[in-house]
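Work through the exercises below with the sequence and the model in view. Try each task before reading its solution.

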Amino acid sequence: MALPHAKRGSKSPVGGSNPSPMGKISGGRLYWVLLALLGLALGATLLFGNKGLYHLYQLRQERERLFQANLSLKDENERLVKTIDRLQNDREFIEDTIRKELNFIKKNEVIYQLAPEVGSGPKVTQAPALGPPPNPTARSKRTGR
């Protein structure tokens, strides 16, 4: 007696293969799922890893900040070099610097200080009188306990 021919890929009731232990995921589908997970892991490492793209972005931002600070310090350095040169060679600059920073005056120079005109300045109000000060000889009596 001949057995009926089974179609390819169909499960035969006698001696057929059992379903996969992973449930309904077939071998080809499992391969693609694992490949996608591996791709996601590699992508996350590329973006956020120790030497990833985000770290590269942060380093570029830091480099730009340091470059700007360096330019600012170069400008300050040039200004200070010019000031040092003028302090060493320019007598008038030395005199002006001393007058500004130390409030010195020239020989035979007169400074006029004008009193403010009455009514032109800010109004100052006085506090009301407090009365006579307390007598320092008056002492409070202590009661013995």
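**Surface and overall make-up**

The protein has an accessible surface of about 15400 Å², and 59% of this belongs to carbon and sulfur atoms; accessible areas come from the Shrake-Rupley method with a 1.4 Å probe, and for residues only the protein chains shown count as cover. The model is predicted: local features need pLDDT of at least 70, side-chain atom pairs count only at pLDDT 80 or more, and totals for chains, interfaces and linings use all residues. Residues are numbered from 1 along each chain as its sequence is written, and side-chain values use heavy atoms, with hydrogens and water left out.

**Exercise 1.** State how many helices and strands the protein has, and what percentage of its residues is buried.

Step 1. Helices (H or I, at least four residues) and strands (E, at least two) are DSSP runs, numbered from the N terminus. The protein has three helices and zero strands, in the order α-α-α along the sequence.

Step 2. Buried means under 20% relative accessible area, exposed over 50%, and partly exposed in between (1.4 Å probe, protein chains only). Of the 145 residues, 2% are buried.

**Exercise 2.** Find the residues of the nonpolar surface patch and the elements that supply them.

Step 1. Patches are made of residues with over 30% relative accessible area and no salt bridge; like charges are joined within 9 Å, and nonpolar side chains (Val, Leu, Ile, Met, Phe, Trp, Tyr) within 5 Å. The patch covers about 740 Å² and consists of Leu-46, Leu-47, Phe-48, Leu-53, Tyr-54, Leu-56 and Tyr-57.

Step 2. Helix H1 (27–48) and helix H2 (53–89) each give two or more residues to the patch. The largest share, four residues, comes from H2.

Step 3. Take Leu-46, which lies in helix H1. Leu-46 has a relative accessible area of 52%, so it is exposed.

Terms used: Salt bridge = Lys/Arg side-chain N within 4 Å of Asp/Glu carboxyl O.
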